[in-house]
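Biologist: Hi, I'd like to go through this one with you. Can you put it up on the screen?

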Amino acid sequence: MNEEYKRWQSQMANITLPKWDDLPKFDLYMDQLIAVVNEAVVPLGADMVTKTMVNNYVKNKATFAPVKKKYQTAHIADIIIISLLKPIFFN
């Protein structure tokens with residue numbers, strides 16, 4: 001295995017992700033969604049999520065479109081997962 005993968009694997013072994021029940025149960029606007037997601041992924045060494053990234057995930061159907069510009073709990077989970085798996089697919 002290459003060194004970058006070993007480093008990532010080591011980081012993932014020590015992660016603590018928010019549980020489903022700990023995620024907000026109300027709809028969020030884009031800025032709120034980004035704040036919640038970044039709070040979960042940045043401490044793990046993942047890149048910060050931006051508005052452009054979220055829009056691209058929706059555009060490319062990696063997650064479903066928001067309802068009236070509001071994002072649901074499933075969006076938060078989707079984007080956290082995408083953020084954590086992204087280094088595997090694009091490095």
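Modeller: One term before we start: helices are DSSP runs of H or I with at least four residues, strands are runs of E with at least two, and both are numbered from the N terminus. This is a predicted model, where local features need pLDDT of at least 70 and side-chain atom pairs count only at pLDDT 80 or more, while totals for chains, interfaces and linings use all residues. Residues are numbered from 1 along each chain as its sequence is written, and side-chain values use heavy atoms, with hydrogens and water left out.

Biologist: Thanks! How many helices and strands does the protein have?

Modeller: The count is four helices and zero strands, so the order from the N terminus is simply α-α-α-α. The radius of gyration is 14 Å, close to the 12 Å from the globule rule for 91 residues, so the protein is as compact as a globular protein of that length. That radius is taken over C-alpha atoms, and the rule is 2.2 Å times the number of residues to the power 0.38.

Biologist: And what does the C-alpha trace span along its principal axes?

Modeller: About 45 × 25 × 15 Å. The accessible surface comes to about 6,300 Å², with 57% of it belonging to carbon and sulfur atoms. Such areas come from the Shrake-Rupley method with a 1.4 Å probe, and for residues only the protein chains shown count as cover.

Biologist: What share of the residues count as buried?

Modeller: 33% of the 91 residues. Buried means under 20% relative accessible area, exposed means over 50%, and partly exposed is in between (1.4 Å probe, protein chains only).

Biologist: OK, core next. Which residues have the most contacts inside the largest nonpolar core?

Modeller: Leu 33, Val 37, Val 41 and Val 54, in a core of 23 residues. Helix H1 (3-13), helix H2 (30-41), helix H3 (51-59) and H4 each give two or more residues to this core. A nonpolar core here is a set of buried Ala, Val, Leu, Ile, Met, Phe, Trp, Tyr and Cys residues joined through side-chain atoms within 4.5 Å. In soluble globular proteins, nonpolar side chains tend to be buried together.

Biologist: What does Val 54 touch, not counting residues up to four places away?

Modeller: Val 54 touches Met 30, Leu 33, Ile 34, Val 49, Tyr 71 and Ile 79, where a contact means heavy atoms within 4.5 Å.

Biologist: Let's look at Ser 83. Buried or exposed?

Modeller: Ser 83 is buried, at 6% relative accessible area, and it lies in helix H4. Beyond four places in sequence, Ser 83 is in contact with Val 37, Val 41, Ala 46 and Val 49.

Biologist: And Ala 40, where does that lie?

Modeller: Ala 40 is in helix H2 and is buried, at 11%. Leaving aside neighbours within four places, Ala 40 is in contact with Pro 18 and Ile 80.

Biologist: Switching to charges, how many salt bridges are there?

Modeller: Two, taking a salt bridge as a side-chain nitrogen of Lys or Arg within 4 Å of a carboxyl oxygen of Asp or Glu. In one of them, Asp 31 pairs with Lys 51, with the closest N and O atoms 3.2 Å apart. Asp 31 is in helix H2 and Lys 51 in helix H3, so this pair ties together parts 20 residues apart in sequence. Lys 51 is partly exposed, at 44%.

Biologist: Which residue does Lys 6 pair with?

Modeller: Glu 3, with the closest N and O atoms 4.0 Å apart. Lys 6 and Glu 3 are three residues apart in helix H1, so about one helical turn separates them. Lys 6 is partly exposed at 39%, while Glu 3 is exposed at 59%.

Biologist: Back to nonpolar side chains: which ones form a patch on the surface?

Modeller: Ile 81, Leu 85, Ile 88 and Phe 89, with about 390 Å² of accessible area together. Patches are made of residues with over 30% relative accessible area and no salt bridge; like charges are joined within 9 Å, and nonpolar side chains (Val, Leu, Ile, Met, Phe, Trp, Tyr) within 5 Å. Ile 88 is found in helix H4 (residues 73-90) and is partly exposed at 40%.

Biologist: Last one, the backbone. What is phi of Lys 61?

Modeller: Near 60°, a positive value in a residue other than glycine. Lys 61 lies in the loop between H3 and H4 and is exposed at 72%. Lys 69 has a positive phi of about 65° and is not a glycine either; Lys 69 is placed in the loop between H3 and H4 and is exposed at 68%.
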